[in-house]
Amino acid sequence: MPNPSAQKFNPVRIETPPPLPIYPPSRDTLVPTTRLTTERLNSILARIPSDFLSSSEIDLTAFVLHRRQDAIAFTDNERGTLKQEYFPDYEIPVIEHTPWIRPPIRVPKAIESDVRSLIRTHCATGRYEDSCASYRSRVFPVLKKSGALRLVHDLQDLNAVTIRDSALPPLMRPTARWYRIRP
């Protein structure tokens, strides 16, 4: 099993959020940005049932969305990753083994450029990163129902050497104070 003494959990410091306005600005006065455009904001607000919120509550929702727009990802390029200082890499327990190098599965020439484009996109968004590991597993593309490509990783070799652990990940004790927003 992984060495529990090597696992270091840093407390997440949560700053006190600024208070919400009692009388929020109208959603029409909010300046659109490249991430939260007028069309995106309207598509979010259109999903609210007509009799569910009052007009001022919808304005407050638009204000909060505008203020916290970096927390919303509309495309894969806008998606971020968790900071390693708060969420360190998890060590997968394995049995003694020799590293494997599997020959790649050939990609059909007809979709080769699409696969390269998909890999570049994954690298740009942080899903894939450069590695100099001694292992090489197979990766192959499949078509989704929508017609888009998905890369599938063949992890049979990793599953064969992984020590099964039915326990839950270790619990982190909350060290940050939780704040309640008063109306």
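**Entry 1: fold**

I began with secondary structure and counted 4 helices and 2 strands in the protein chain. Helices here are DSSP runs of H or I with at least four residues, strands are runs of E with at least two, and both are numbered from the N terminus. Reading along the sequence, I get the pattern α-α-α-β-β-α.

A note on provenance: this is a predicted model, where local features need pLDDT of at least 70, side-chain atom pairs count only at pLDDT 80 or more, and totals for chains, interfaces and linings use all residues. Residues are numbered from 1 along each chain as its sequence is written, and side-chain values use heavy atoms, with hydrogens and water left out.

**Entry 2: confidence and overall contacts**

Next I looked up pLDDT, the predictor's confidence in each residue on a scale from 0 to 100. The protein chain averages 84, and 85% of the residues score at least 70. Over residues 175-183 the pLDDT is below 50, and this stretch has 7 contacts in the model beyond near neighbours in sequence. I use contact for heavy atoms within 4.5 Å.

Of the 183 residues in the protein chain, 15% are buried.

**Entry 3: the largest nonpolar core**

Which residues make up the largest nonpolar core? I found 8 in all: Leu 30, Leu 36, Leu 41, Leu 45, Ile 58, Ala 62, Phe 63 and Leu 65. Helices α1 (38-45) and α2 (55-67) each supply at least two residues of this core, and the largest share, 4 residues, comes from α2. For the record, a nonpolar core is a set of buried Ala, Val, Leu, Ile, Met, Phe, Trp, Tyr and Cys residues joined through side-chain atoms within 4.5 Å.

Leaving aside neighbours within four places in sequence, Leu 30 is in contact with Pro 25, Ala 62, Phe 63 and His 66.

Pro 25 counts as partly exposed because its relative accessibility is 31%. Not counting residues up to four places away in sequence, Pro 25 touches Leu 30, Asp 59 and Phe 63. Pro 25 and Phe 63 are 38 residues apart along the chain, and their C-alpha atoms are separated by 7.2 Å.

Gln 69 sits in the loop between α2 and α3 (112-125). Is Gln 69 buried or exposed? Gln 69 counts as buried, because its relative accessibility is 12%. Its side chain reaches the backbone nitrogen of Leu 36 at 3.4 Å, and Leu 36 is one of the core residues from the previous entry. Beyond neighbours within four places in sequence, Gln 69 is in contact with Thr 33, Arg 35 and Leu 36.

Glu 78 is found in the loop between α2 and α3 as well. Glu 78 counts as buried because its relative accessibility is 18%. Which side chain does the side chain of Glu 78 meet in a polar contact? The partner is Arg 40, at 3.0 Å. A polar contact is a pair of N or O atoms within 3.5 Å; within protein, one must be able to donate a hydrogen and the other to accept it, and residues adjacent in sequence count only if both atoms are side-chain atoms. With neighbours within four places in sequence left aside, Glu 78 is in contact with Arg 35, Arg 40, Ile 72 and Ala 73.

**Entry 4: the largest pocket**

My last stop was the largest pocket. How many residues line the largest pocket? I get 33, of which Tyr 135, Arg 136, Ser 137, Val 139 and His 153 lie nearest its centre. α3, β1 (139-143) and β2 (149-153) each supply at least two residues of the lining. The largest share, 5 residues, comes from α3. A pocket, on a 1 Å grid over the protein atoms alone, is an open set of points where a 1.4 Å probe fits, with protein on both sides within 12 Å along at least five of seven lines; lining residues have an atom within 4 Å of a point.

Note on methods: Buried means under 20% relative accessible area, exposed over 50%, partly exposed in between (1.4 Å probe, protein chains only).
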